[in-house]
Amino acid sequence: MAFDSFTDFVAMGGYGLYVWLSFFLSFVVLAGVALETLLAKRQLAKKSKQLQQRQERLARRKASRAEVGDGNESKT
Amino acid sequence: MWRWLHPYAKPEATYHLLQKLLPWFVALTLVTLVTGVIWGLAFAPGDYQQGDSYRIIFLHVPSAIFSMGAYMGMAIMGAVALIWQIKTAEWSIPAIAPVGAALTVVALLTGAIWGKPMWGTWWVWDARLTSELILLFLYVGVMALYFAFDDARTGAKAAAILSLVGVINLPIIHFSVEWWNTLHQGATITKFEQPSIATSMLIPLLICLAGFAFLTVSLVMMRLKNEILRHELHRPWAQQRLEQD
Amino acid sequence: MSQLSSRQIWVTLLKRDLRIAARRRSDALNPLLFLLMVVTLFPLGIGPGPDILARIAPGIIWVAALLASLLGLERLFRDDFQDGTLEQLCLLPQPLAFTVTAKIAVHWLLSGLPLVILSPVLALLLSLPLQGWWALALTLLLGTPALSALGAIGAALTLQVQRGSSLVSLILIPLFIPLLIFATAAVENASMGLAVHGQLAILAAISVLTVTLAPLAVAAGIRMSVN
């Protein structure tokens, strides 16, 4: 260990503010990128679900229209 | 020779490859980064001149190196996208750019904070910091250009051209800023310009370098997976993937 | 129908663009007036002391030159893009990169060259020592072609973007920095009576590299924007 005690470790020979501030900010920035990526994935999942539901709705509407009969071409 | 790469032009194949590799890279990132940081912070000896403030080096040097590495990677993918029109290569540009920009910000922040105990002010126009600042502007330019287009494909092409122009300019910019700095401030001897660094400090630095390498790759992989999904959302395989995860 | 040679097409394009610019004189004049006014702002903002002004004159003039060159980029491709001429240029048998150099040349003739000619006036306004005047003109002469070439890249990439002028500045300014550094260093050295061959040589080298390679990027950008 390069330090005699935990207090010494935190103090970093007087430079504690700078060292810990650097590590903290770096962590925040990089974790921020990772978090943004994970959030974006969640949004994509939501969008995918919406897209799937819409596709199902359209498919159902098409199927029901085919059932009713091809003579009735009514606009929905 | 590159035939084994051909299947990966298909986004689905690339996605599955990324999915398989990502856990390994994340694990490697955690192992190397945690080891390197703890070693550097607690076990490496203090510096003769700078005391314990030098420990910022374990973040500053790797982030600076990979901020430039990411830009090169982005430019290479840009070239691939322009030459072979491969969509996955196009999508890798918005995947890489924010990661590279974040690394540049980390390099700037750590460099500036380190500057306070070293030079007395929160900002100095030294060669490395100025180069990193300009690199940040280059990244911002690429991202701004990409998002200015409604069509992502055209945006990616424009961003690709710009990153290629930027990568050619990077050595010129770096060289001219170094030269400008010696002109106006006289030679500043920084820790990195000394011919050798003690092995006890070099080893944790190398571990942190590896850690940042894995971190960069992991982040880019995660973002590229998202980009692939974003553009293939209408395909059933993508919708399945999103349901499962 | 006689076949036009590449050179003839190039010259025709050059003359056409110059003729168009002559009809809309304000388009070409405004950036220069802007330059003059910006240079005037600095003594007003900093104080008229000749020593300070002389010290920062090379930087001010060159930064103002960069900004003025950015202003002139709007008319480089946009009008031709909107009326379809640019597409036609893409379809010429000559390489687009070659055709594009004619447009870059026009931009330089209308914004770079007047800058070189105007530089003694600017030097006078900012109390630049007489020894530095020729260096100022020379750095502008060597550097402005590169500014036009780089500017063309920015203009080509942003053709599809509405109100893209601030985006163009954002993209281009980092690329201008090496030119700025070496040009101002040359002028400062000349003002002090020191040798400037090194800086001028590097400036010329950067300029030549830029003017040679930029048209390729411009052509790629135009093709991308037109499709």
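Modeller: The contact takes 28 residues from chain A and 34 residues from chain B, where two residues are in contact if their C-beta atoms, placed from the backbone, lie within 7 Å. This is a predicted model, in which local features need pLDDT of at least 70 and side-chain atom pairs count only at pLDDT 80 or more, while totals for chains, interfaces and linings use all residues. Residues are numbered from 1 along each chain as its sequence is written, with chains lettered from A and ligands numbered from 1 in the order in which they are written.

Colleague: Which helix gives the most to the side of chain B that touches chain A?

Modeller: α3(B), with 11 residues. Helices here are DSSP runs (H or I, at least four residues), numbered from the N terminus.

Colleague: What makes α2(A) roughly antiparallel to α3(B)?

Modeller: The axes of α2 (residues 16-68) of chain A and α3(B) cross at roughly 170° and come within 9 Å. Axes are lines fitted to C-alpha atoms, for helices over the stretch in contact, and angles run from 0 to 180 degrees between N-to-C directions. Angles over 145 degrees count as roughly antiparallel, so α2(A) is roughly antiparallel to α3(B).

Colleague: Which residues meet there?

Modeller: Among them, Leu21(A), Leu25(A) and Val29(A) in α2(A) meet residues of α3(B) including Val99(B), Ala102(B) and Trp114(B).

Colleague: How do you know which pair of chains shares the most contacts?

Modeller: Of the 2 pairs of chains in contact, chains A and B share the most. No contact joins chain A and chain C, whose closest C-alpha atoms lie 23 Å apart.

Key:
Helices (H or I, at least four residues) and strands (E, at least two) are DSSP runs, numbered from the N terminus. Angles under 35 degrees count as roughly parallel, over 145 as roughly antiparallel, 65 to 115 as roughly perpendicular and the rest as oblique.
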